[in-house]
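Hi,

Here is the structure I promised to pass on to you. Have a look first, and my notes follow right below.

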Amino acid sequence: MQNKDLPSACPMDCPDTCSLDVEVSDNRITRIGSSDRNPNTQGFICTKVARFAERVYSKERLLYPMKRTGEKGSGKFTKISWQEALEIVCDKFRQIKERWGGEAILPYSYGGSNGMLGQDTSDRAFFAKLGASRLARTVCAAPTGEAALGMYGKMPGTAFEDYVHARFILIWGANPKVSNIHLVPYLKQAKAKGAKIAVVDPRLNFSRNEIDLHLPVYPGTDLVVALAMINWWHEHNLLNWDFIDEFAKGSELLLEKAKAYPLERAAKIARLEPDAIKKLAEMYALHDPGLLRIGWGPERNRNGGQAIAAILAMPAVLGKFGLRGSGYTLSNSSAYKVDSRALADVPSWNTRVINMNRLGRTLLEEDDPPVKGLFVYNCNPVATVPNQNAIVQGLRQDELFTVVFEQVMTDTAKFADILLPAVTFLEQKEIKKGYGSYALHYLDPVIEPMGEAKPNEEVFALLGKTMGWSDSAFMEDTDDYLQRAANSVHGLRKPVDLDTLKKEKIAFFDFPGTAPVQFKTVFPWTPDGKINLASSVLGQHPYEYLDDDQARHPLALISPATDKMISSTMGEFNFPELYLVIHSKDAEPRDLRKGDVARVFNDLGEVHAKVRISDKVRPGVIVMPKGAWRRSSLNGSTTTALVPDSISAVGGGACFNDVRVEVERVSPE
Ligand code: SF4
């Protein structure tokens with residue numbers, strides 16, 4: 001028996017896109033470690049993916065197609081053949097289409113942890129041909145994407161390795177300590193060279209000596225803080241008019257809106273000290289190069305897209321571009337310039353669109369037509385999508401036919417009528433593009449597929465064939481789709497040669513240079529090449545702040561990623577007990593002590609969890625981790641049971657941070 005180190009790459013919903021070496025012995029994974037193919041990986045990976053083999057070999061791994069034998073949600077299934085499963089799914093979808101129309105079928109998926117073949121290939125062709133409803137995949141990154149598209153045309157962002165050149169770094173609504181860990185060494189290097197680092201976040205995720213300033217902004221108020229800073233720069237003649245005149249438009253509207261937020265007013269709304277906002281504004285304006293890392297925290301509320309737009313406007317009005325270590329980083333996914341139409345031949349598809357954040361409401365209330373068939377893949381909505389109780393209630397309906405195509409028995413899979421087993425990234429051929437580090441990875445399987453698990457592109461092609469369709473999308477195999485994926489990527493400046501990519505496993509960008517310098521080597525990909533500060537994506541009320549004065553409960557709940565979970569993936573083993581974190585000033589009047597069991601509740605539901613007390617979260621805000629499965633909670637409900645299915649005006653994004661709750665003690669430990 002001989003150990004082999006085989007190359008791979010991490011597919012998780014994480015900006016870093018690490019290159020991996022996977023040690024395999026006798027077709028069994030014995031270790032997952034880092035490789036140096038992607039220099040950004042820097043010789044280490046996170047503990048999440050180092051443990052991924054526990055998912056591969058989990059007792060809960062789905063190894064065969066199965067059909068339900070018990071109550072919906074009971075998790076009782078019996079093994080069937082692939083042929084039987086495909087025929088049941090196709091028969092049922094045919095019947096639904098005949099009786100209710102194709103729109104009564106809803107494909108439900110998300111793409112955070114996918115390679116290029118995992119989404120929008122034969123799956124898209126299958127649902128288009130069915131005439132199924134379309135899904136707005138908006139649970140994450142929709143408001144940021146919309147704002148960045150309207151303002152900068154999704155221009156590639158500053159590369160992580162260039163953070164070492166910054167003299168000032170502003171991290172706004174991101175926690176690189178857990179979901180972009182390969183940025184941290186660059187932050188440390190910049191700090192060692194004298195850079196100032198400031199963080200805007202309701203929670204302090206850094207030690208006091210790692211940063212110079214922390215603004216514990218109240219959730220949902222980032223917009224007014226950014227506008228107040230812009231207004232303060234305007235009042236103090238710190239705007240870079242030469243840059244604005246040459247490269248931006250719409251500044252009049254922005255500055256007019258910003259005028260409504262003098263420091264004192266903004267500070268009152270954001271529950272901050274005016275001097276702290278002023279200090280941040282000074283630091284940013286007076287240091288060059290100044291660099292902005294925006295995360296996805298500020299988008300998860302009713303003001304999300306407007307907030308992202310105001311934050312993205314800051315480097316524009318200061319002209320913080322043109323030098324290595326300047327500019328901003330948000331998502332770099334569009335740098336790949338993927339021609340999604342080239343990924344598969346898809347018939348025209350113009351049916352109704354359902355916002356994925358409203359799954360529960362859609363299953364329970366939609367009647368034109370009602371959803372009678374649901375196909376869930378690449379996601380676990382019971383754990384991750386707002387209004388968990390409504391989703392569970394919707395999935396329990398006898399008349400709903402649900403297919404779940406998954407790797408393990410998730411909270412959602414338990415409600416399936418038919419379960420289809422999916423391969424993990426370690427068992428398939430894939431091409432993975434990142435949304436942070438600038439590299440395109442090729443993945444070969446490192447082990448044979450477990451049981452009868454199959455990859456997405458194959459399963460949807462099989463479904464198409466079982467329907468009796470002979471379109472090319474259902475006749476092509478994995479190698480055909482790899483070629484299509486390689487052909488569809490245009491951002492690297494030279495065509496992707498699949499044979500070379502297969503051999504070298506990784507391809508880099510050339511902007512020119514492997515790292516773009518905004519306004520030196522890359523410019524806005526807007527139609528006129530300018531930054532649009534008054535983009536129509538901001539709707540009829542650009543930069544308008546909506547308050548939450550009517551909230552019925554006093555504490556704001558946020559649910560950020562942790563070092564264990566950045567989505568719900570691996571929640572089957574990586575999250576034994578859900579907890580809440582509360583500031584001592586909020587804990588004392590409620591008589592809460594460390595280890596107590598507390599009831600966190602609002603009008604939508606309640607979650608029972610153990611109390612942790614920490615002054616790193618600001619008063620008025622409590623934290624519960626994202627992605628936890630129902631088993632990790634003391635009453636079977638997790639954070640999403642408290643999240644309303646309201647959506648933000650820009651991008652229709654989820655409002656995970658608009659949750660207002662009360663907390664009370666259930667019992668001492
Ligand atoms: S840091 Fe991110 S990309 Fe790297 S192994 Fe962990 S989850 Fe994957």
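Predicted model: local features only at pLDDT ≥ 70, side-chain atom pairs only at ≥ 80, totals over all residues.

The crossing of α8 past α12 is right-handed. On the α8 side, the contact is made by Val225, Met229, Trp232 and Trp233. From α12 come Ile277, Lys278, Leu280, Ala281, Glu282, Tyr284 and Ala285. Sorted by class, that contact holds nine nonpolar residues and two charged ones, with no polar residue.

The peptide bond between Asp288 and Pro289 is cis, with omega at about -5°. Another cis bond joins Asp368 to Pro369, where omega is near -5°; Pro369 belongs to the loop between α14 (359–365) and β15 (373–377).

Which residues other than glycine have a positive phi? Ala141 is one of them, with phi near 70°. Ala141 lies in the loop between β7 (134–136) and α5 (142–152), and its relative accessibility of 28% makes it partly exposed. Asn237, also not a glycine, has a positive phi of about 55°. This residue is in the loop that runs between α8 and α9 (241–247). With a relative accessibility of 71%, Asn237 counts as exposed, since the cut-off is over 50%.

Finally, the sheet. Six strands make up an open, mixed sheet, ordered β5-β4-β17-β16-β15-β6. At its edges are β5 (77–79) and β6 (105–109), each of which pairs on one side only. On average, neighbouring strands are turned by 20° against each other, ignoring direction. Within the sheet, β16 (residues 401–406) and β17 (residues 418–421) pair in the parallel sense over four bridges. Glu406 has Pro421 of β17 as its bridge partner. Helix α3 (residues 82–100) packs on this sheet and touches β4 (66–68), β6, β15, β16 and β17. The direction of α3 makes about 140° with that of β16.

Best wishes

Terms used:
Residues numbered from 1 in each chain as written. Heavy atoms only, no water. Left-handed = near helix turned anticlockwise from the far one by under 90°. Helix = DSSP H or I, 4+ residues; strand = E, 2+ residues; numbered from the N terminus. Contact = heavy atoms within 4.5 Å. Nonpolar A, V, L, I, M, F, W, Y, C, P; charged D, E, K, R; others polar. Buried < 20%, exposed > 50% of the residue type's maximum accessible area, 1.4 Å probe, protein only. Pairing = 2+ DSSP bridges. Axes fitted to C-alpha atoms, helices over the stretch in contact; angles between N-to-C directions.
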